[in-house]
Amino acid sequence: MKTKSKLDKAILNAWKFYSKWRETGSYSPALKEQIKITRFGWNHLLDPRKRRTRIQKIKRLKALPLARKLIENATTFQEHRRNKNIEYFAFVAEMEGNRIKVVISQKNKTDKIFLSVIVLK
């Protein structure tokens, strides 16, 4: 029997957390709106077309609980940009020794969804 890699273990643990988070979503006081947690965000984190190292992927997966906490506690967002019909909102904070950035996207004024978490340091 093959042993699981660190990435495989991180994916398994993160999916358990993420699938429960998907059921409830998160309310963002900063955006004054419910943020949907979808498969789109999960796929974005693990997209093989993204040039991310295994270590970067593991850090992002382990930071998901921090991302949820940041969305639910932040009262302001630090970045906002628009690219054609998609708007992006970003929260940046120092949390538990990590500087993280959480990105929320909104296409054509529809629901805001969790897109990504980035561990900056």
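This is a predicted model: local features need pLDDT of at least 70, side-chain atom pairs count only at pLDDT 80 or more; totals for chains, interfaces and linings use all residues.

Q: Why is E96 called exposed?
A: The relative accessible area of E96 is 61%. The label requires a value over 50%, so E96 counts as exposed.

Q: How do you know that β4 and β5 are paired, and in which sense do they run?
A: Ten bridges join β4 to β5, and the strands run antiparallel. Pairing requires at least two bridges, so β4 and β5 qualify as a pair. Within this pairing, F89 stands opposite I104 in β5.

Q: Why is F89 called buried?
A: F89 has a relative accessible area of 7%. Buried means under 20%, and therefore F89 is buried.

Q: What makes F77 and F89 an aromatic pair, and why is the pair called edge-to-face?
A: The structure holds eight aromatic pairs. For F77 and F89, the ring centres are 5.3 Å apart and the angle between the planes is 85°.

Q: Why is F77 called partly exposed?
A: The relative accessible area of F77 is 33%. Buried requires under 20% and exposed over 50%, with partly exposed in between, so F77 is partly exposed.

Q: Which residues form a cluster through ring pairs?
A: Ring pairs link W15, F17, Y18, W21, W42 and F114 into a cluster.

Q: What makes the charged end of R81 count as sitting over the ring of Y88?
A: The charged end of R81 sits over that ring at 4.4 Å from its centre.

Q: What joins Q106 to K112?
A: The side chains of Q106 and K112 are joined by a polar contact of 3.5 Å. The limit is within 3.5 Å. In β6, K112 is also the bridge partner of Q106. Leaving aside neighbours within four places in sequence, Q106 is in contact with residues including E33, N85 and F89.

Q: How do you know that β6 pairs with β5 and with β2, and in which sense?
A: Seven bridges join β5 and β6 in the antiparallel sense. Strand β2 (residues 33-36) pairs with β6 in the parallel sense over two bridges. At least two bridges are needed, so the pairing of β2 and β6 meets the criterion. K112 in β6 is the bridge partner of I35.

Q: What makes the span of α1 close to the expected one?
A: Helix α1 (residues 6-24) has 19 residues and reaches 28 Å from its first C-alpha to its last, close to the 27 Å expected at 1.5 Å a residue.

Q: Which residues of α1 are buried, and what covers them?
A: L7, A10, A14, Y18 and W21 are buried in α1. The covering elements include β1 (26-28), α2 (39-46), α3 (54-62), α4 and β6 (112-119). An α-helix has 3.6 residues a turn, so residues three or four places apart point the same way.

Q: Why is K84 called exposed?
A: K84 has a relative accessible area of 76%. Exposed means over 50%, so K84 is exposed. This residue is found in the loop between β3 and β4, and its phi is near 55°, a positive value in a residue other than glycine.

Note on methods: Residues are numbered from 1 along each chain as its sequence is written. Side-chain values use heavy atoms; hydrogens and water are left out. Rings of Phe, Tyr and Trp (its six-membered ring) pair if their centres lie within 6.5 Å; planes under 30 degrees apart count as stacked, over 60 as edge-to-face and the rest as tilted. Buried means under 20% relative accessible area, exposed over 50%, partly exposed in between (1.4 Å probe, protein chains only). A charge sits over a ring if NZ of Lys or CZ of Arg is within 6 Å of the ring centre and within 35 degrees of the ring normal. A polar contact is a pair of N or O atoms within 3.5 Å; within protein, one must be able to donate a hydrogen and the other to accept it, and residues adjacent in sequence count only if both atoms are side-chain atoms. Contact means heavy atoms within 4.5 Å. Helices (H or I, at least four residues) and strands (E, at least two) are DSSP runs, numbered from the N terminus. The expected span of a helix is 1.5 Å times one less than its number of residues.
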